[in-house]
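Keep the sequence at hand while reading.

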Amino acid sequence: MTAPLFTPLTGWAKADKLKNWAGNLEYSTERLDQAKTLGQVQEIVKKYPRLKVLGTRHCFNNIADTKDQFISLVNAEEHIVLDEKNKTVTVNSGMKYGQLSPYMHKKGFALHNLASLPHISVAGACATATHGSGDKNGNLATAVSAMEMVTAAGEVVQLSRKNDGEKFNAAVVNLGALGVVTKVTLDMVPTFMMGQFVYENLPLDQLKDNFEKIESSGYSVSLFTNWQSKDITEVWVKQKIEDGKPLEPEKEFFGAKLATKNLHPIPELSAENCTEQMGVSGPWYERMPHFKMGFTPSSGVELQSEFFVPRKNAVDAIMAISKLGNQVGPHLLTSEIRTIAADDFWMSPCYKQDSVAIHFTWKQEWDAVSKLLPIIERELAPYDVRPHWGKLFSVSPDLLAKRYVKMEEFITLAIEMDPKGKFRNDFLNLNIFRV
């Protein structure tokens, strides 16, 4: 096992220090240049021998950190080009899904999937294979059909699914190792309405016996638990509304009871910042996420880790983690189980395999969490577990190289595109380049 992937704060950072969204990570420099145009991105990239892109800061480890220089495109000039004929939308890479989605809806279009919170940037989410949920839904990166990138030499490169084949599949989930993504083109689908119902206290035995039926019961399904009881605390079932017909829920769902009020995934917290439940109709972008754009998502003060296993091993993996309930439960805010469809991206945890992700939202207790991560990973090791790139893990670089069959080819491409290592940092050197 490797050492922790970052040095956690002992207290809150000073106001002038750059830190991530949750406050658990203080970045290694305050040097940050804002780029608003493509030309400015090129100038900044050429100016510095080392730099990293800093997005909406929702990663919990040091994948985006640097001791040298940051560039940010979050405040870039707004760029939205909607192509109705080809059903695509092209946006500047720093745009947040919560900004883009209402515009698309008004124009009659939607994205096939969204993450649990809309506060993240398009490029950052795709670069780390961030995902939502759904048996037939690939992660957010699977909507990408083209991208514009500034290389280490300051040159502008265009890549597309249509023209660039495997190089495109290597570049979409790029971990920040290939260049500065400046624009992203996403596939669109016709807009749609959704509703969601929450069920409480699904017996774990029912999940074990009916996992496939439960996960296929909606467009997107999320299971929440603290692993300390024999129940799944909450089941969130998100469904499309067809022909304007109101959804009619079952009062009982595999032994779980229909909730009678809006709930938060962390039961102790108010549901005020959560998306509307109780089957109330709303546009796709107000139902697929768990949290509203205008509110702090989740608890705010937390740590996160997440592990992917092949779909075929889902039940065995869930049962293995359930045995750790007394160990992990006291340090958890909540844990979420989701399904994700396979994709073709070299560095995606779902490369060529339908997957199940087991997510942990931890209390900010790094000493305890750092000891629990190797235990969890050991239980999931028989299933070739792959961690979420933007969250906390301790899987060794050698194991990562074995579990990502395209790792060596990705390294070759990264060296070709960035021969002097302009975009490398401690995270990439440890976990990808193994130096």
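A salt bridge here is a side-chain nitrogen of Lys or Arg within 4 Å of a carboxyl oxygen of Asp or Glu. The model is predicted, and a search of the whole structure turns up 14 such bridges.

One of them pairs D187 with R161, at 2.9 Å from N to O. D187 belongs to strand β9 (residues 180-187) and R161 to helix α4 (residues 161-171), so this bridge ties together parts that are 26 residues apart in sequence. D187 is partly exposed, with a relative accessible area of 25%, and R161 is also partly exposed, at 38%.

The side chains of R338 and E306 form another bridge, at 3.2 Å from N to O. R338 sits in strand β18 (residues 332-340) and E306 in strand β17 (residues 303-310), so the pair links parts that are 32 residues apart in sequence. Here both partners are buried.

E409 and K406 also meet in a salt bridge, at 3.3 Å from N to O. E409 counts as partly exposed at 38% relative accessibility, whereas K406, at 15%, is buried. Through shared partners, salt bridges join E306, E336, R338 and K391 into one network.

The nonpolar interior comes next. In soluble globular proteins, nonpolar side chains tend to be buried together. The largest nonpolar core of this model has 116 residues, and W284, M347, W362 and I432 touch the most other members. Setting aside neighbours within four places in sequence, I432 is in contact with L175, M347, W389, M407, F410, I411 and F427. A second, separate core has 13 residues, among them V45, L51, L73 and F423.

Notes: Residues numbered from 1 in each chain as written. Predicted model: local features only at pLDDT ≥ 70, side-chain atom pairs only at ≥ 80, totals over all residues. Heavy atoms only, no water. Core = buried A, V, L, I, M, F, W, Y, C linked by side-chain atoms within 4.5 Å. Buried < 20%, exposed > 50% of the residue type's maximum accessible area, 1.4 Å probe, protein only. Contact = heavy atoms within 4.5 Å. Helix = DSSP H or I, 4+ residues; strand = E, 2+ residues; numbered from the N terminus.
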